[in-house]
Amino acid sequence: MKTYKIREEKIGAMLFDNQTGKSMVLTEEQYQNLLHHNKEGFEYLYDNEGSPLFTIFRARMDRNSLPSDCLSAPSKVYFEITRRCNLKCVYCYNNSRNDFKVELDKERIFELIDHFYDTGTFEIRLTGGEPTLHPDLFELLAYLKKKDFFVSLATNGVWNENLIRKISETDIKIIIVSLDGPEAYHDSMRGKGTFSVVTNTIRELQRINKFALKINTVLCKENKDYIEAIVKLADDLGVKGVNFAPLRCSGRAANETNYGTPLTQSDMYEVVKKITELRKQCKVMIQTYYDILEEDNSTGTFPSSLLNNTSCAAGIEVAAINPFGEVYGCVVSPANSEEDTAEKRLFTAGNLAVEDFSHIWLDSLRWKIYRDLTFNKSKKCLECTFYSKKCFGNCIVDSYAQGGSPNAESPLCFVDLL
């Protein structure tokens with residue numbers, strides 16, 4: 001297996017380290033030098049005998065014809081392999097449950113994996129629903145390993161000892177576990193007894209010491225005061241990172257009234273202030289949105305195949321595929337709705353039942369809501385000094401859900417409070 005992947009872009013290329021999961025941009029000059037095996041500055045891409053440690057993936061069409069508002073192929077695919085779930089979390093963004101009848105079969109998933117390999121996709125994030133419930137999960141993982149993908153897994157962590165053992169034998173690189181607060185709070189959101197099971201899963205995975213572990217916390221008014229407790233718990237468990245993702249009004253969360261109140265502008269300001277202070281006190285890497293208070297941007301970063309420069313990576317560097325073959329950019333957008341609504345159509349780019357993935361990806365007209373900055377970025381963001389430096393602007397899902405338009409001002413941006 002080669003250690004690095006180089007994917008040709010409209011100008012230059014993307015270089016991906018398949019061991020660390022990190023990407024970088026190559027200029028056209030650097031790319032051409034590597035094509036001609038000029039090693040200067042990139043000696044690490046060759047072994048002691050001078051053989052390249054990289055595989056080059058050429059663009060699927062003439063480079064001049066490639067869109068200029070996205071990469072030639074997604075760097076990461078969020079592959080929702082099932083929407084079935086063993087929990088019924090209060091604010092599930094896609095209303096996962098156990099009564100879905102028709103999902104993509106194993107053979108079709110294998111075909112898509114082949115396609116993503118051929119186009120030079122770097123990372124496959126298996127998600128759901130609860131991906132560990134897929135009956136062919138371990139066959140899929142073995143095939144992804146054969147194809148040399150960087151594989152990450154998003155899970156609720158409600159695993160038994162047998163599942164932990166079987167996962168320990170796979171080549172997954174990153175496991176992201178959902179955990180929303182102390183025991184009483186977490187259990188109130190995700191089900192009685194889940195906290196103890198999830199923390200046991202994390203401890204066992206940490207004992208195996210094979211995976212990079214990250215906690216993902218859905219952040220809302222009800223648990224914003226638990227941030228410090230969650231970070232301390234992560235530190236105690238030996239987890240590498242924590243991501244505090246603000247609640248999106250999507251799926252079950254769009255209708256729930258008892259829990260899951262979205263953060264406000266002032267809430268987000270307090271959250272980011274708290275996180276900025278916590279970073280000085282602990283070794284856990286902490287991620288969140290509108291993270292503009294750090295003075296020197298010197299905090300550590302969790303491995304990522306994405307750049308996130310001028311906008312959220314959705315639809316630009318990232319594609320999402322649900323178990324029914326629909327293609328879109330953001331997993332928490334209205335595209336994940338089961339109903340055929342105007343909102344769903346706005347956020348959905350195509351369906352693999354009738355079209356080839358690359359045909360969908362390279363047609364930017366389908367991705368306007370993700371790629372057109374005049375359509376999805378608020379004027380305030382585009383004029384802000386933090387934009388594209390410390391912040392990639394308003395979340396189109398938040399703007400659409402709470403402001404009625406993808407380029408409405410973000411309900412979470414607190415720049416006016418600084």
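Buried residues make up 55% of the 418 residues in this protein, where buried means under 20% relative accessible area with a 1.4 Å probe and protein chains only. The model is a predicted one, in which local features need pLDDT of at least 70 and side-chain atom pairs count only at pLDDT 80 or more, while totals for chains, interfaces and linings use all residues. Residues are numbered from 1 along each chain as its sequence is written, and side-chain values use heavy atoms, with hydrogens and water left out.

**The whole chain**

Let us start with the overall picture. The secondary structure comes to 14 helices and 14 strands; these are DSSP runs numbered from the N terminus, with helices (H or I) of at least four residues and strands (E) of at least two. The C-alpha atoms fill a box of roughly 60 × 50 × 45 Å along the principal axes. Of the contacts with a separation of 6 or more, 68% are between residues 24 or more positions apart, a contact being heavy atoms within 4.5 Å.

**Helix 3 and its cover**

Helix 3 (residues 137-146) has Leu137, Leu140, Leu141, Tyr143 and Leu144 as its buried residues. They lie on the same side of the helix because they cover an arc of only 165 degrees around the axis, judged by the directions from the helix axis to the C-beta atoms.

| Element | Residues |
|---|---|
| Helix 2 | 106-119 |
| Strand 6 | 123-127 |
| Strand 7 | 150-155 |
| Helix 4 | 161-168 |

After helix 3 comes Asp148, with a positive phi near 65 degrees.

**Helices 7 and 8**

The axes of helix 7 (residues 227-237) and helix 8 (residues 265-278) come within 10 Å and cross at roughly 35 degrees. Axes are lines fitted to C-alpha atoms over the stretch in contact, and angles run from 0 to 180 degrees between N-to-C directions. Ile227, Glu228 and Val231 of helix 7 meet Val271, Lys274, Ile275 and Leu278 of helix 8.

**Ser399**

Finally, look at Ser399 in helix 14 (residues 396-403). Ser399 counts as buried because its relative accessibility is 1%. Leaving aside residues up to four places away in sequence, Ser399 touches Asn394, Gly404, Ser405, Pro406, Ala408, Glu409 and Ser410.

Methods: Buried means under 20% relative accessible area, exposed over 50%, partly exposed in between (1.4 Å probe, protein chains only).
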